[in-house]
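Subject: Structure for your review

Dear colleague,

My notes on it follow directly after.

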Amino acid sequence: MRTMRQMLDTMDRIFEDSMAFPTRTGTAWNIRSPWDIQDSENEIKMRFDVPGLSKEDLKVYVEDDMLVIKGEHTQDDQNEGGDKSSWTRQNYSSYQTRIDLPDNCEKEKIKADLKNGVLLISIPKKTVERKVIDVEIQ
């Protein structure tokens, strides 16, 4: 649980300044955060909103016991007329996060999928057998 709390705290720090995306359901407004983590018995699922980034702009890897997600996108919009005296518009976006992985993760089997600006990461968990030894009190 400590590791999950660390992951959630890290994500909170990353997205402190980012905008939330409101959605309307029924008569109430809900705020959708740009990331989410679901922890189950068999795997950890993560969702990150990375609008404007393509598969080629993102890199996901494991370094030691850290999951690293990096993204960078640059775009130059040139004028159609080719007028060199006109200003060009440049867009640049960058994204980076590092998350401590729990010991019971199968790091070699992590999968990432990008669909419509949403990065989905699946981290399978190992089955850990807990051995209990009774200690005699004297």
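Apart from its neighbours within four places in sequence, Tyr92 is in contact with Glu72, His73 and Thr74. Please bear in mind that this is a predicted model. Tyr92 belongs to strand S7, which covers residues 89-100. With a relative accessible area of 53%, Tyr92 is classed as exposed, because the exposed class begins over 50%.

Next, the sheet. Four strands make up an open sheet, and their order is S3-S4-S9-S8, with antiparallel pairing. Its edges are strand S3 (35-39) and strand S8 (111-115), each of which pairs on one side only. On average, neighbouring strands of this sheet are turned by 15° against each other, direction ignored.

S3 and S4 are joined in the antiparallel sense over five bridges, and Ile37 has Met46 of S4 as its bridge partner. S4 and S9 run antiparallel and are joined by seven bridges; here Met46 stands opposite Ile121 in S9. S8 and S9, also antiparallel, are connected by five bridges, and Ala112 has Ile121 of S9 as its bridge partner.

How many residues of S9 are buried? Five of its seven residues are, so S9 is largely enclosed by the rest of the structure.

The largest nonpolar core contains 18 residues, of which Met46, Phe48, Leu67, Ile121 and Ile123 touch the most other members. Two or more residues are given to this core by each of S3, S4, S6, S7 and S9. In soluble globular proteins, nonpolar side chains tend to be buried together. Leaving aside neighbours within four places in sequence, the contacts of Leu67 include Met46, Val60, Val62, Ile99, Leu101, Ile110, Ile121 and Ile123. Tyr61, Thr97 and Arg98 are also among the residues that Leu67 contacts.

A charged residue also deserves mention here.

Asp49 is found in strand S4, which spans residues 43-49. Is Asp49 buried or exposed? Its relative accessibility is 9%, so Asp49 counts as buried. The side chain of Asp49 makes a polar contact with the side chain of Arg47, at 3.0 Å.

Most residues other than glycine have a negative phi. Asp64, which is not a glycine, has a positive phi of about 60°. Asp64 lies in the loop between strand S5 (58-63) and strand S6 (66-77), and at 69% relative accessibility Asp64 counts as exposed. Asn116 likewise is a residue other than glycine with a positive phi, near 50°. Asn116 sits in the loop between S8 and strand S9 (118-124). These two strands form a hairpin with two residues between them, and Asn116 is in the turn. Asn116 has a relative accessible area of 83% and is therefore exposed.

With kind regards

Note on methods
Residues numbered from 1 in each chain as written. Predicted model: local features only at pLDDT ≥ 70, side-chain atom pairs only at ≥ 80, totals over all residues. Heavy atoms only, no water. Buried < 20%, exposed > 50% of the residue type's maximum accessible area, 1.4 Å probe, protein only. Polar contact = N/O pair within 3.5 Å; in protein donor to acceptor, adjacent residues only side chain to side chain. Contact = heavy atoms within 4.5 Å. Pairing = 2+ DSSP bridges. Axes fitted to C-alpha atoms, helices over the stretch in contact; angles between N-to-C directions. Core = buried A, V, L, I, M, F, W, Y, C linked by side-chain atoms within 4.5 Å.
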